[in-house]
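Welcome, and please open the structure in your viewer. We will go from stop to stop, selecting a few residues each time.

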Amino acid sequence: MIYADIEWTEIILKVIEGLAGLAGTILCYFITIWANKHIKDDKIKAHVIELGNIVKNVVLEVTQTYVDKMRKAGTWDDETKKEALTMALAQCQALMSDELKTWVSDTYGDVTAYLKTLIEAQIKENSK
């Protein structure tokens, strides 16, 4: 049989990765539409969109470069989940401008706590 050597789990993972990327793109599209409709201040609108894009892209990047490897190796556990979150938090903060960090701090308080909430929400959205 020709299909005997195909690793179906690898194919399924690739399909899921593609769908997660598509879901992230769609989510950013809806964030942009929502921001354009409900936020009148252009600077705030830009911050909301920028932050959403950073979080979406970082979650996809950490999933691709770390999470998928840990799952494939069978080492995806509570400790590696914490490590993935730590990686995502650090990467988000590295990509945020000082102006964006100040805005998040002034608007939501603790930047790290707010980013953690956004990252967890993005992960949930990607898993749908």
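A residue is called buried when its relative accessible area is under 20%, exposed when over 50%, and partly exposed in between. Keep in mind along the way that this is a predicted model.

**Stop 1: Trp103**

Select Trp103. Is Trp103 buried or exposed? Its relative accessible area is 13%, so Trp103 is buried.

**Stop 2: the aromatic rings**

Trp103 and Tyr108 make an edge-to-face aromatic pair, with 85° between the planes and 5.8 Å from centre to centre. Tyr108 itself is partly exposed, at a relative accessible area of 41%.

How are the rings of Tyr108 and Tyr114 arranged? They are stacked, because their planes stand at 5° and their centres are 3.9 Å apart. Tyr114 has a relative accessibility of 21%, so it counts as partly exposed. The structure holds 2 aromatic pairs, and Trp103, Tyr108 and Tyr114 together form one aromatic cluster.

**Stop 3: helix α4**

Select residues 98-108, which make up helix α4. Which residues of α4 are buried? They are Leu100, Trp103 and Val104. Turn the view to look down the axis of α4: the buried residues lie within an arc of 95°, so they line one face of the helix. On the face turned away from that buried side, look for the exposed residues Asp98 and Asp106.

What do the buried residues of α4 pack against? Show α2 (42-73) and α5 (111-126), and you have the packing partners.

**Stop 4: the largest nonpolar core**

Here is some background before the last selection. In soluble globular proteins, nonpolar side chains tend to be buried together.

In this model, the largest nonpolar core has 22 residues, and Met96, Leu115 and Ile119 touch the most other members. Colour α2, α3 (78-95), α4 and α5, the elements that each give two or more residues to this core. Which element gives the most? It is α2, with 10 residues.

Setting aside neighbours within four places in sequence, Ile119 contacts Val55, Val59, Leu85, Ala88, Leu89 and Cys92. Select these residues along with Ile119 to see the contacts for yourself.

Notes. Residues are numbered from 1 along each chain as its sequence is written. This is a predicted model: local features need pLDDT of at least 70, side-chain atom pairs count only at pLDDT 80 or more; totals for chains, interfaces and linings use all residues. Side-chain values use heavy atoms; hydrogens and water are left out. Rings of Phe, Tyr and Trp (its six-membered ring) pair if their centres lie within 6.5 Å; planes under 30 degrees apart count as stacked, over 60 as edge-to-face and the rest as tilted. Buried means under 20% relative accessible area, exposed over 50%, partly exposed in between (1.4 Å probe, protein chains only). Helices (H or I, at least four residues) and strands (E, at least two) are DSSP runs, numbered from the N terminus. The arc is that of the directions from the helix axis to the C-beta atoms. Contact means heavy atoms within 4.5 Å. A nonpolar core is a set of buried Ala, Val, Leu, Ile, Met, Phe, Trp, Tyr and Cys residues joined through side-chain atoms within 4.5 Å.
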